[in-house]
Amino acid sequence: MGLLIPRARPTRLVVCPGDGPPGRKETLVMALAAPQARAWRTRRGPRTALFLRVGRTPRTPRTATVLTGAGLVLLPWVVVLAKTMPQTSEVSNWSTAWIGLDLMLAAGLTGTGALLRRHDPRASPVAAATAALLVMDAWFDVTTSAGTGGQGTALLLAAGAELPLAVACAAVAVRRPR
């Protein structure tokens with residue numbers, strides 16, 4: 001069976017193992033073409049991934065430069081904040097901020113679990129975002145409770161729940177989808 005060629009010129013042709021039932025020698029052939037991606041199944045092909053470049057690939061060095069520059073620009077800003085921020089402040093929407101963060105955590109954790117249960121590869125980015133939110137939640141819980149009666153509870157929740165869940169989500173985020 002031959003390979004179908006899309007009308008638009010593909011930027012990259014990717015051949016990878018199929019996700020069909022075990023024992024079938026099926027391979028997924030995907031042509032990433034502008035403006036949409038198309039995929040075809042063939043009966044032949046290797047069981048290992050093969051990347052064949054056809055034309056130009058997206059320019060990631062520019063994005064990497066912009067992101068690195070943005071991170072470096074934040075460093076002097078952190079110094080400005082450290083020197084100018086007040087030690088205490090009264091916040092009018094404190095409960096709204098915490099409820100919103102906890103709702104995002106609930107959505108991230110349940111979403112990651114549901115996607116994992118379905119073996120969906122989208123679990124990785126959801127797990128990565130959830131891990132970041134969990135670390136942020138632990139950080140703010142501990143730092144905002146410093147010097148108060150709730151500091152012990154914040155430390156216990158951070159060490160016993162938020163950070164272990166963040167590690168679990170990070171492990172899901174870095175593993176390869178099957």
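This section describes a predicted model of one protein chain, from overall confidence to individual side chains.

The model is predicted, with local features requiring pLDDT of at least 70 and side-chain atom pairs counted only at pLDDT 80 or more, while totals for chains, interfaces and linings use all residues. Residues are numbered from 1 along each chain as its sequence is written, and side-chain values use heavy atoms, with hydrogens and water left out.

Confidence was examined at the outset. pLDDT is the predictor's confidence in each residue, from 0 to 100. The protein chain has a mean pLDDT of 78. A value of 70 or more is reached by 66% of its residues. Where pLDDT is low, predicted coordinates should not be read in detail.

The protein chain holds 4 helices and 4 strands. Both are DSSP runs numbered from the N terminus: helices are H or I with at least four residues, and strands are E with at least two. The order from the N terminus is β-β-β-β-α-α-α-α. The protein chain has 178 residues, of which 21% count as buried. Buried means under 20% relative accessible area, exposed means over 50%, and partly exposed lies in between (1.4 Å probe, protein chains only). The accessible surface comes to about 13200 Å². Carbon and sulfur atoms account for 66% of this surface. Areas come from the Shrake-Rupley method with a 1.4 Å probe; for residues, only the protein chains shown count as cover. Among contacts between residues at least 6 apart in sequence, 52% join residues at least 24 apart.

Helix H1 spans residues 60-84 and contains Trp-77. Trp-77 is partly exposed, at 46% relative accessible area. Together with Leu-74 and Val-80, Trp-77 forms a nonpolar patch on the surface. The three residues share about 300 Å² of accessible area. Patches are made of residues with over 30% relative accessible area and no salt bridge; like charges are joined within 9 Å, and nonpolar side chains (Val, Leu, Ile, Met, Phe, Trp, Tyr) within 5 Å.

A search of the whole structure finds 1 aromatic pair. Trp-94 and Trp-98 form this pair, with ring centres 5.8 Å apart and planes at 70°, so the geometry is edge-to-face. Rings of Phe, Tyr and Trp (its six-membered ring) pair if their centres lie within 6.5 Å; planes under 30 degrees apart count as stacked, over 60 as edge-to-face and the rest as tilted. Both residues belong to helix H2 (residues 94-117). Their sequence positions are 4 residues apart, so about one helical turn separates them. Trp-94 is partly exposed, with 43% relative accessible area. Trp-98 is buried, at 18%.

Helix H2 also contains Ala-106. Ala-106 is partly exposed, with a relative accessible area of 39%.

The salt-bridge count comes to 2. A salt bridge is a side-chain nitrogen of Lys or Arg within 4 Å of a carboxyl oxygen of Asp or Glu. Asp-120 pairs with Arg-118, the closest N and O atoms being 3.3 Å apart. Asp-120 also pairs with Arg-122, at a closest N and O separation of 2.6 Å. Asp-120 is buried, at 14% relative accessibility. Arg-118 is exposed, at 55%.

His-119 lies in the loop between H2 and helix H3 (123-144). Its phi is near 55°, a positive value in a residue other than glycine. His-119 counts as exposed, at 67% relative accessibility.

Helix H4 covers residues 151-174 and includes Thr-153. Thr-153 is exposed, with a relative accessible area of 51%. Thr-153 and Asp-141 are 12 residues apart along the chain. Their C-alpha atoms are separated by 9.2 Å.

Methods: Contact means heavy atoms within 4.5 Å.
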